[in-house]
Amino acid sequence: MREVESRTGTGRVVVVGAGIAGLAAAHRLLQRGARVTVLEASDRVGGKLLPGEIAGARVDFGAESMLARRPEAVALAREVGLDDRLQPPATATASIWTRGALRPMPKGHVMGVPGTAAALTGVLSDEGLARIERDADLPRTEVGDDVAVGEYVAARLGREVVDRLVEPLLGGVYAGDAYRISMRSAVPQLYQVAKTHDSLTEGVRELQARMAAAQQTGPVFMGIRGGIGSLPLAVADSVRARGGEILTGTPVTELRRETSGGWRVVAGDRVLHADAVVVAVPAPAAAGLLRPEAPEAAAELAAVEYASMALVTLAYRRADTALPEGSGFLVPPVDGRTIKASTFASQKWGWIAEESPDTVVLRTSVGRYGETEILEREDVGLVDVSRHDLREATGLDATPLETRVTRWTDGLPQYPVGHHARVARIREHVAKLPGLAVCGAQYDGVGIPACIASAYAAVDQIGGDLSAVEELTAHPVQSLHGGAGE
């Protein structure tokens, strides 16, 4: 093996993983004067942010929007020169395909939980609406240290609210099961409401009033002309311009503490010596790397479960299509459809329509936690079932110009009840090893701002400041659904 980059003093940091969390960590470290090497096992940077083209149109084949009400992602985009390419969705109007029809997405709810029954008129049955009204008369529901979102909301408002609205909204973020997902970690605002209010609807109305009083202006979500997938590419360019090194196709196989107090990182035939290491890879890979030095943290990470999904992107001649208005639609699993959402990308993002005026791009998402059979189908099978469901929902019966299936195997970490406690235990074990920190989607939120926030907290931690890590552990970043088909 080649011994390289010998440590000559403080400030040498190795970042393992070049997804958006790892790249954000590297960028912040360089701003603070560190010397940085980023090691990425795959042949590209960006992780689940993936730009590309279909039928000549630039699109995203991974995540396509970022929460703009949190500062981290938009600020980073501006720092790396993308300010003039930031663009909100052209339409924020979405639908829900339920009970046999496309229905307008209700307003006046928090992640599907309404402040009043009237907010869900048209989506729920009369019986479902009447069940919501009973919330005010029910005794308090204790939530303890944590509770499943679906379990709590169903107890207060009935299962129909969960099955028809909460489930598709949460499923769009986590590809998970609302009856397993932690309210404390996934919807922390609702957890606080449940802790402090006897009535859920009353608490939601109070929360909505506070949000209105805060007078947050500007778009809730933001995109980037050319695709969100251009963000990690721009961050990587900035890292290199600042003197950082990014090595792709370089999987890390060993991470060991040195007697001198630093770290020895083995990657292929290279051995790197560093003062600190930031581990920014998914939980299974992080578990493997941490097992020799932090076996307790590794055991916790190994227990994190993931959901797999696939995105089916379809391009049509504009002359052949007539889609409903809006950005797309969500699909409740209870209705028995195969797709879980569809985004009308050419309608949602103005830049796609401007750049490719004769083409209409849309996409569907397939696969949820525990669903393996559908994802075992060949690409052509996923395209066929997507076209079938699109025809049923919208009447679209044209033949696409081009299709592409992008599979995200084990792409989304699950946040079951007790997730916050697991994250706290992982960080407690990691904190015992100076110069080591972890970040990524499996800790404090799966959205882009959450990943960046965890990266910045990791940088603070290796500098000796645990305040950001403690804040994130106590208050995870809520990841919202960006309309349809995220």
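How many bridges join strand S20 to strand S21? Four, between residues 339-343 of S20 and residues 359-366 of S21, and the two strands run antiparallel. Isoleucine 339, for instance, sits opposite valine 366 in S21. A quick word on terms: helices (H or I, at least four residues) and strands (E, at least two) are DSSP runs numbered from the N terminus, and two strands count as paired if DSSP finds at least two bridges between them. Bear in mind that this is a predicted model, where local features need pLDDT of at least 70, side-chain atom pairs count only at pLDDT 80 or more, and totals for chains, interfaces and linings use all residues. Residues are numbered from 1 along each chain as its sequence is written, and side-chain values use heavy atoms, with hydrogens and water left out.

Now zoom out. Seven strands make up an open, mixed sheet, in the order S9-S8-S19-S20-S21-S18-S22. Strand S9 (101-104) and strand S22 (402-413) are its edges, each pairing on one side only. From one strand to the next, the twist averages 30° (axes are lines fitted to C-alpha atoms, for helices over the stretch in contact, and angles run from 0 to 180 degrees between N-to-C directions).

Helix H5 (residues 159-174) packs on this sheet, and its direction makes about 115° with that of S8.

Two bridges join S7 to S12 (residues 221-224), with glutamine 87 partnering glycine 223 in S12.

Conventions
Contact means heavy atoms within 4.5 Å.
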